[in-house]
Amino acid sequence: MKGEQHWRPSATLETLKARAELLSSVRAFFVARNVLEVDTPILSANATVDRHIESFSTANGWLQTSPEFAMKRLLCAGSGPIYQICHVFRREESGRHHNSEFTMLEWYRPGYDHHRLMDEVEALLHAVGAASARFERLTYRDAFLRHAGLDPFEATLEQLRSVVRFDSDAGAQASERDFWLDLIMSAKVGPRLGLDVPIFLHDFPASQAALSRINGDIAERFELFWRGIELANGFHELADADEQRRRFEADQAWRKAQGQVVPPYDQNLIAALESGLPNCAGVAVGLDRLLMLMQQLPSVAASMAFAGDRA
Amino acid sequence: MATVSTNEMKSGTKVLIDGVPYAVIDNEYHKPGKGQATNSIKIRNLKTGRVLERTLKSGDTLEVADIEEVEMQYLYNDGEFWHFMNPASFEQIQAVQSAAEEAAKWIKGEETCRVLLFNGVAIGVTPPNTVTLLITETDPGLRGDTSGGGGKPATLETGAVVRVPLFVQQGEMIKCDTRTGEYMSRAGK
């Protein structure tokens, strides 16, 4: 259905002005804190092998789903604190709060852990005028206890399945705890987080560590939720090259077993980690969603000049 | 067999689940940033009208239901079936009681209705939005009442019962809204 108005922007001009203001206040925030702005390639010979993030491939490589690997290579090269505002691409992600191409703000802080970085995320959102109240912090375990009535670390697979509706065939994933935890997060927990003030969810199960450090059965990872919407994801960054390689290979094996695309992982990142990543924390913030919430827009499309349906 | 994937389902898409046709009302995509994506769809059973929710794994497909809605003229009821004709092709179809009963109380013949066909079989009939029908039975109103306040039940020639103002009498033609089931106005004799 291509209406005659289809050439027009998805966002109003007023929203586009608010967007420009948001970008400049983000930059001012980092300039004042001596964090260096960097600009890394969007197109790479390698890609993420994350189980649930799909990359676009081109004849000459892969479009980034996050600038994480290149930024970590800069950190290993001694860049010090860095930030980047860039476009990232995720195949098959489209909906009211998703657009396959979106704008990410990502930054890294040598010497910080995930809790100290949460403080800075909060300071940033205060500085750009998104919120003024103190944010809350809640562990992944307490969020599930509060909103799903079960302990995500202790509940049996049967208990996890019993609290959420699912009508597809889960296939081999039916026996994965994380599969059911994700469904419960989408249906029950996430939508109830940060309804009053923004809230940091932290201490994820170790099985959902992604690229964060693991401490016992806890991953040193956090997400920021506001009005039920996930706005940011941060890690106390994994620096162990061998552990990073093992995780990449395990994710590749999982993808292969599921019959999914298995992209090559970034050997340059492993080599960089071997040479030494400073102890650091990093976080990615979805700027389109942040603007959507700040401007009380009905969808992420309304925050962009041209959303996926007319790009 | 045509199929439709969760990322193509929009409001109005017709899908088949366990042999039953549904219309998609709403489709919401959910995904934890680093987790499994799902779509929760709200669907209406096209036979019963009941609305359900289903949560599917993103990328899953459902069979497309062969559904079409055609404008047809109501001809007659033979006691068992309601007969309709396509005014363009003159093709006739018959609808069973369960498909026609909601519309049946508003139609007497020659009205243009919308007939919902599933694999070519009528599963629903929508009458015209407004119809003009004769009142066959209603109590005499109180003399002097012209306000329309209160009202009284009136039985129409097709069997429908609507509330009418007290001044409206048996033997009059009235206009009704079939979507709300309400009296709209007198239509003259």
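About 980 Å³ of space lies in the second largest pocket. This is a predicted model, in which local features need pLDDT of at least 70, side-chain atom pairs count only at pLDDT 80 or more, and totals for chains, interfaces and linings use all residues. Residues are numbered from 1 along each chain as its sequence is written, chains are lettered from A and ligands numbered from 1 in the order in which they are written, and side-chain values use heavy atoms, with hydrogens and water left out.

The lining of this second largest pocket comprises 29 residues, of which A:Ser94, A:Gly95, A:Asp309, B:Asn7 and B:Lys10 are the closest to its centre. On a 1 Å grid over the protein atoms alone, a pocket is an open set of points with protein on both sides within 12 Å along at least five of seven lines, whereas a cavity is a set where a 1.4 Å probe fits but cannot get out; lining residues have an atom within 4 Å of a point. Points are joined across faces, edges and corners, and a volume is the space filled by probe spheres set on them. Strand 3 (residues 20-30) of chain B gives the most to the lining of the second largest pocket, with five residues. Helices (H or I, at least four residues) and strands (E, at least two) are DSSP runs numbered from the N terminus.

The count of cavities of 30 Å³ or more comes to one. Residues of both chains line the largest cavity, among them A:Tyr140, A:Arg221, B:Pro32 and B:Lys34. Helix 6 (177-189) and strand 10 (218-226) of chain A are the elements that give two or more residues to this lining. The table sets out the two spaces by residue class, where Ala, Val, Leu, Ile, Met, Phe, Trp, Tyr, Cys and Pro count as nonpolar, Asp, Glu, Lys and Arg as charged, and the others, Gly among them, as polar.

| Space | Volume | Lining by class |
|---|---|---|
| Second largest pocket | about 980 Å³ | seven nonpolar, 13 polar, nine charged residues |
| Largest cavity | about 80 Å³ | four nonpolar, three polar, four charged residues |

Chain A has nine helices and twelve strands. Its radius of gyration, taken over C-alpha atoms, is 19 Å, which agrees with the value near 19 Å for a compact globule of 311 residues under the rule of 2.2 Å times the number of residues to the power 0.38. Of these residues, 53% count as buried, that is, under 20% relative accessible area, with exposed meaning over 50% and partly exposed in between (1.4 Å probe, protein chains only).

In chain B, five strands form an open antiparallel sheet in the order 14-13-12-15-16. Strand 14 (161-164) and strand 16 (182-186) of chain B stand at the edges with a single partner strand each, so one side of each is left without a neighbour in the sheet. Strand 13 (residues 152-156) and strand 14 of chain B pair over four bridges, pairing being assigned if DSSP finds at least two bridges. B:Lys152 stands opposite B:Val164 in strand 14.

Strand 8 (residues 82-85) and strand 9 of chain B also pair in the antiparallel sense over four bridges, and B:His83 has B:Gln94 as its bridge partner. B:Phe90, in the loop between them, has a positive phi near 65° and counts as exposed at 58% relative accessibility.
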